[in-house]
Amino acid sequence: HNKKLNIFFYLAAYYIFLHFYKGIKSFLTKYVNNDINILNFLNDNSELSLIFITIFFLFFVYVHLNFENISKFINRTFVLIVTLNLIYFQFPNLKNLIIDSQKSLELNDKYYSKIDNELDFKKINNLKKINNIYYIILDGMMPLDLAEKQSIINSEKNFIEKFKDKKFKYIKNSISTYNFTHTTLASIWNIDYLDENLSLDYNYEGFPKNLWQSLKKEYLMPLEYILSKANVDFYWLGNVIMYCQDGKNKTLYNRDAYWKCIDESRTSAITQLASTRFETTPFNDILIKFFNLNEKIRGEETKGQKNLSKYITLYHNKLNNENPRFIFIHNMSPHWPFSLNSDCSKRQYKEWAPVINQYEGYKESYLCMLKEINMFIDFINQNDPESVVVIQADHGWNIRDEDYKMQRNQVSERAQIFNLIKAPNKCFNHKARLKNNVNTIRFVLNCIFNEDLEYRGNIHYEKMWGREYEHIPKNDLKVHTHLFN
């Protein structure tokens, strides 16, 4: 019995030691002189830090086993540390999580009733045909007019005319609902702005956070709820950073999602575990480094930068055709890491750094995306001409490059987005509002179901920079309505 207790004690102690890693890194970064090379090296090298922590732990075990008085002191200190950790760190986090989850449940119960009142599902289920939907997010893609101003393209007008010739409508002066990916995507799946009293922090147990809550609890996301009731199949193609999670990992989730992952990462269960249970340990940094750098593990050289080509080549003909389909594709480009040249060939890994030559990197990725868009448009017009298609950004882009010194309003630029839509002419009625993400998804649902969901006001929320990993209170959201023309 004592041996089992000792084993449990040592495993718990090692787990706690591992979680000191982030605190030590923070201390070294903030307080230790950068000229102390050995400490600098420990701070930068997660593998060496793991070895160092393990050696220290083994020394701790040796002392605990061989010195009785010190052992008693360690036992009492250990209990005190665990107690303080629960009181000062875990309890507030748990409290926020419980409050958020409870609020989400209450809001969703109310929202389901509202959706049931707004949409006639009996009529929807009797429709002779529901067109397929392709909802594509091009991460960080600025609008054409801004791309022209910044000398990325020659003429906005030429592109708009070419899109029009292919029956696509470019929506000028479009603005994102939020200035971060996880909140904008969450608002699309929520088909509404997010409740300002809930935490909007990025949570690595799922993407976005409310998708994780959906998998943790017994409610569906509003978009998921609507599509399931309308018998529309829901597919999701993610990327290396925002990969699809469908709930099959029962160590983290309580249920399977209604959506299906088109290309689920083979390593997602490991990276999820590392970034939740071991987030503040060296294991997380090591695994992220290993899985992001080793291209063979992901099996995709561009890591979701060319998901439009990927979908057409690998998946379009393999999906179930019995029901109408809602296909959500999140393409990482033109967002960093800028792994594509303008002709969509692969760039060298050394050019992936987020700040080095950002203007050229973004320009090359942007031009590649325009080629990908034209290729996808041609494919859809030929293979699924009656489908509804949305190709839009989740937020814009602020180019930070010492060689490119144009004066710019950062809030406005990051809010402005590329927005391109194909739908039957009857859907573009006088009520349609298409200039932000929330209203676009409502337009899509109104169009395919012939319904009349109410449109929302054009609002852009800016979440404070540098706070994306914390609990975000309501007063940290800045509302911008003047950005809309």
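A: Happy to. Let's start with a helix: the buried residues of H9 are Thr181, His182, Thr183, Thr184, Leu185, Ala186, Ser187, Ile188, Trp189 and Asn190. Keep in mind that this is a predicted model.

Q: Which residues have the most contacts inside the largest nonpolar core?

A: In soluble globular proteins, nonpolar side chains tend to be buried together. In this model, the largest such core has 46 residues, and Tyr311, Tyr366, Ile373, Phe376, Ile391 and Phe418 have the most contacts inside it. Several elements each supply at least two residues, among them strand E1 (133–138), helix H15 (307–315), strand E5 (325–331) and strand E6 (388–392). Helix H16 gives the most, with 11 residues.

Q: What does Phe376 touch, leaving out residues up to four places away in sequence?

A: On that count, Phe376 is in contact with Tyr134, Ile136, Leu308, Tyr311, Ile312, Val389 and Ile391. There is also a second, separate core of 45 residues, which includes Tyr225, Ile226, Phe326 and Leu445.

Q: Now the backbone. Which residues does a cis peptide bond join?

A: The general rule is that most residues other than glycine have a negative phi, and most peptide bonds are trans. Here, the bond between Ser333 and Pro334 is cis, with omega at about 10 degrees. You'll find Pro334 in the loop between E5 and H16.

Q: And phi? Where does Ser151 lie?

A: Look in the loop between H7 and H8 for Ser151. Its phi is positive, about 60 degrees, although Ser151 is not a glycine. Ser151 has 46% relative accessibility, so it counts as partly exposed. Asn231 is another one to look at: its phi is near 60 degrees, a positive value in a residue other than glycine. Asn231 sits in the loop between helix H11 (222–229) and E3, and at 46% relative accessibility it counts as partly exposed.

Q: How many disulfides does a search of the whole structure find?

A: A disulfide is a covalent bond between the sulfur atoms of two cysteines. The search finds two. One joins Cys344 to Cys368, with an S to S distance of 2.1 Å. Cys344 lies in the loop between E5 and H16 and Cys368 in helix H16, so this pair ties together parts that are 24 residues apart in sequence. The torsion about its S-S bond is about 115 degrees, so the Cys344 and Cys368 disulfide is right-handed.

Q: Is Cys344 buried or exposed?

A: Cys344 is buried, with a relative accessible area of 12%. Cys368 counts as buried too, at 0% relative accessibility.

Q: Which residues does the disulfide of Cys427 involve, and what is its S to S distance?

A: Cys427 is joined to Cys447, with S to S at 2.1 Å. Cys427 lies in the loop between strand E7 (419–422) and helix H18 (437–449), and Cys447 is in helix H18, so the pair ties together parts that are 20 residues apart in sequence. The torsion about the S-S bond of Cys427 and Cys447 is about 70 degrees, so this disulfide is right-handed. Both Cys427 and Cys447 are buried.

Conventions: Residues numbered from 1 in each chain as written. Predicted model: local features only at pLDDT ≥ 70, side-chain atom pairs only at ≥ 80, totals over all residues. Heavy atoms only, no water. Buried < 20%, exposed > 50% of the residue type's maximum accessible area, 1.4 Å probe, protein only. Helix = DSSP H or I, 4+ residues; strand = E, 2+ residues; numbered from the N terminus. Core = buried A, V, L, I, M, F, W, Y, C linked by side-chain atoms within 4.5 Å. Contact = heavy atoms within 4.5 Å. Disulfide = S-S within 2.5 Å.
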